[in-house]
Amino acid sequence: METARSRRQAASGAFAAFARFALCGGGVGLASSFAVVALASSVPWALANALVTVVSTLLATELHARFTFGSGGRATWRQHVQSAGSAAAAYAVTCAAMFVLHQLAAAPGAVVEQVVYLSASALAGVARFVVLRLVVFARHRSQTAGAARHVRPATMAHASTSAEVAALCRAA
């Protein structure tokens, strides 16, 4: 039975993960928005967005695996593939937003394009956070939590050699 304290801890963990997600993903997203504008001056906007989406998804997935969702290690191929699925949906959202913008305004300025692109990216980002937290990185969290339950505190107190410490770190 889940107690009020464990629910508060889970909520604070989700909030902290979302803050890390916003920092990592938002930073990559902000850099991506400038990269899209720069590339769009020499290639069609949809192609620029696709190229930037691929590169930024690879980078963001690594950041999320290492920092956002607490695995501390590199993202697996499975996580990259699943993250790419949510990135494809985000790509569709940003393309649709820009398509609508260009239907409403024949020649929108760069600032308007940035606002529309970043707004669509933020909306898609919230959905990506939910998918990444509940699907892509969920199994890793449950495996880590399960392994941590099997390590007794007394065992950690007696780990005196670096080999024992390393073994315990791998178990956790």
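At what angle do helix α2 and helix α3 pack, and how far apart are their axes? In this predicted model, helix α2 (residues 45–68) packs against helix α3 (residues 77–104) at an angle of about 145°, and their axes are 9 Å apart. Axes are lines fitted to C-alpha atoms, for helices over the stretch in contact, and angles run from 0 to 180 degrees between N-to-C directions.

Residues are numbered from 1 along each chain as its sequence is written. Because the model is predicted, local features need pLDDT of at least 70 and side-chain atom pairs count only at pLDDT 80 or more, while totals for chains, interfaces and linings use all residues; side-chain values use heavy atoms, without hydrogens and water.

**Overall architecture**

The protein contains seven helices and zero strands. Helices (H or I, at least four residues) and strands (E, at least two) are DSSP runs, numbered from the N terminus. Of the 172 residues, 29% count as buried, that is, under 20% relative accessible area, with exposed over 50% and partly exposed in between (1.4 Å probe, protein chains only). Contact means heavy atoms within 4.5 Å. Among contacts between residues at least 6 apart in sequence, 65% join residues at least 24 apart.

The expected span of a helix is 1.5 Å times one less than its number of residues.

| Helix | Residues in helix | Span between end C-alpha atoms | Expected span |
|---|---|---|---|
| α3 | 28 residues | 40 Å | 40 Å |

The contact between them involves residues of α2 including Trp45, Asn49, Thr53 and Glu62, and residues of α3 including His80, Ala87, Tyr91 and Met98. By class, this contact has nine nonpolar, eight polar and one charged residues. Here Ala, Val, Leu, Ile, Met, Phe, Trp, Tyr, Cys and Pro count as nonpolar, Asp, Glu, Lys and Arg as charged, and the others, Gly among them, as polar.

Among the buried residues of α2 are Asn49, Thr53 and Glu62; those of α3 include His80, Ala87 and Met98. Ala89 also lies in α3, but counts as partly exposed because its relative accessibility is 42%. Its C-alpha atom is separated by 9.4 Å from that of Ala127, 38 residues apart along the chain.

**Confidence**

The average pLDDT, the predictor's confidence in each residue from 0 to 100, is 76, and 72% of the residues score at least 70. Over residues 140–172 the pLDDT is below 50. Where pLDDT is low, the predicted coordinates should not be read in detail.
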